[in-house]
Amino acid sequence: MQTYNILTNDLDSLPEGKADFLLAASVTKTCEIDGITQAGIPGMIPLTPTLDAEYISHEKVFSLGELAETPTGVPSPALITRAVHNLTPFSTIEILDLGFVTQPKNCTTHHFDIHPSQAIDKGADINAKEIFAKGMKFGKAYELKGNYLVLGESTPAGTTTATASVLALGYDCADDFSSSFFHVPSDIKSQTINKALSLINSDMDNFEKLGIVSDNMLLFCAGFLLEASKRFEIVLAGGTQMAACLLIADRLREDVLMRVKHDNITLATTQWVTKDKNSDIAHILEQLSYTPHTLYTTFSFAKTQIPILKKYDEGEAKEGVGAGGALAYAVQNSIQNQELLEQIEYLIYSM
C-alpha cells in the first residue's frame, strides 16, 4: 500500500491519557438492498447499529439474543472495542443516535431528531445541510470527559454511501473503498452507486447532492469534526468510511467558510483495511487538501484459538465500531496483543 504518513505501530501522533468514546450510529436503508452488505444478521441488518451500541456499552445485547455477525459467523468488531474497554477503560462510552430503526437499550445516547435515511438508489431523502449543521452544533457543545475523543461508527452499507458521496463531490476514488466482504459484491455496489449518481446533476450544490447520495453518519460527523477539532484532539476511528468523512468535511468547509483544524485529527484504522487488496485508503486520503495524521495498528488473530476470528486476517469484516481507534488506544496504554487476544476470546466464550 502506498503511504506517506500512514504509520505502522508508531503512535506518536496519538494524544495521551484517557479518551472518551463516541459511536456515531445510523441506518441507511441502502443496507436493505439484497446482497450489498454482510455487516450483520441476514434479514436484520438495520438492527446492527443497535446491537453494536448495546454491546460496547454493556458487554451484552438486549434487543436480540446474540451479537451481530456476518453470515459466515464473523462477530462484529464491537467485540474488539469492548475488549479494549475492559482492559483499559475509556472515560465514557456514549452513542450518537443518527437514525436508529430500533433504539438501543440502557445506553447513554444523544438524540438529534434524525431518522434513518432512504436507500440511495432511489434517493436518500436527507436534509444534508440540516444534518451537517446539527453535527457542527454538537461539535461546539460536546463536553470532553477525558483528554481526547475517539469517534467510531456503525453504519451498515456505509462504504457504498461513502463511495457515492465522494464521487458526487468530484473526488477521484471510485475503486478505493473497502467492504465487510472478502469477495466484494462489486456489481451490486456499482449498480447502486451509479443509480444514485444518476439522480444528481451539476446544477445542484454540494448539500443537495449529498442529500440524495449520502448518509446521516457521514454528514453529521463531517460537521462535528469542523467544530470539535477546534477545541480538542479527535481520533477518527475507522477505515474508508471515516476517510470519506474527512473528504466531505474538507469540501464542505468551503461552503460554510471554515477551516479544518486537521492538526487535531488523527485517523486510526486496522491493518485489515490498510492491507486490503480490494481498496486503497491511502489514495482516498491523498485527495485531501492537506496531509492528515493517519496510522494503522498491527493487531491480528494469527494466534487465536477460535478459528472464526482468523477470518479477520483473511479479509472479512476488517473494521467498524471504532475498532481501529480502540486498538490504537490499547497500544498507547501498553496493552499487549496477547492480552487483548485473550480478552476477545474470553468475551466470545462468555456469550
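Predicted model: local features only at pLDDT ≥ 70, side-chain atom pairs only at ≥ 80, totals over all residues.

Residues are numbered from 1 along each chain as its sequence is written, and side-chain values use heavy atoms, with hydrogens and water left out.

Start by colouring by pLDDT, the predictor's confidence in each residue, from 0 to 100. The protein chain averages 92, and 94% of the residues score at least 70. Now select residues 1-8: pLDDT stays under 50 there, and the model gives them 28 contacts beyond four places in sequence (a contact means heavy atoms within 4.5 Å).

Next, select helix H1 (residues 48-58) and helix H2 (residues 78-87), which pack at about 20° with their axes 8 Å apart. That makes H1 roughly parallel to H2 (the term covers angles under 35 degrees). Show side chains to see who touches: Asp-52, Tyr-55, Ile-56, Ser-57 and His-58 from H1 meet Ala-78, Leu-79, Thr-81 and Arg-82 from H2.

Last stop: the structure holds 15 aromatic pairs, meaning rings of Phe, Tyr and Trp (its six-membered ring) with centres within 6.5 Å. Pick Phe-21 and Phe-90: their ring centres are 5.1 Å apart and their planes sit at 45°, so this pair is tilted (planes under 30 degrees apart count as stacked, over 60 as edge-to-face and the rest as tilted). Phe-21 is in strand S2 (residues 19-25) and Phe-90 in the loop between H2 and strand S3 (92-97), so the pair ties together parts 69 residues apart in sequence. Helices here (H or I, at least four residues) and strands (E, at least two) are DSSP runs, numbered from the N terminus.

Conventions: Axes fitted to C-alpha atoms, helices over the stretch in contact; angles between N-to-C directions. Parallel < 35°, antiparallel > 145°, perpendicular 65-115°, else oblique.
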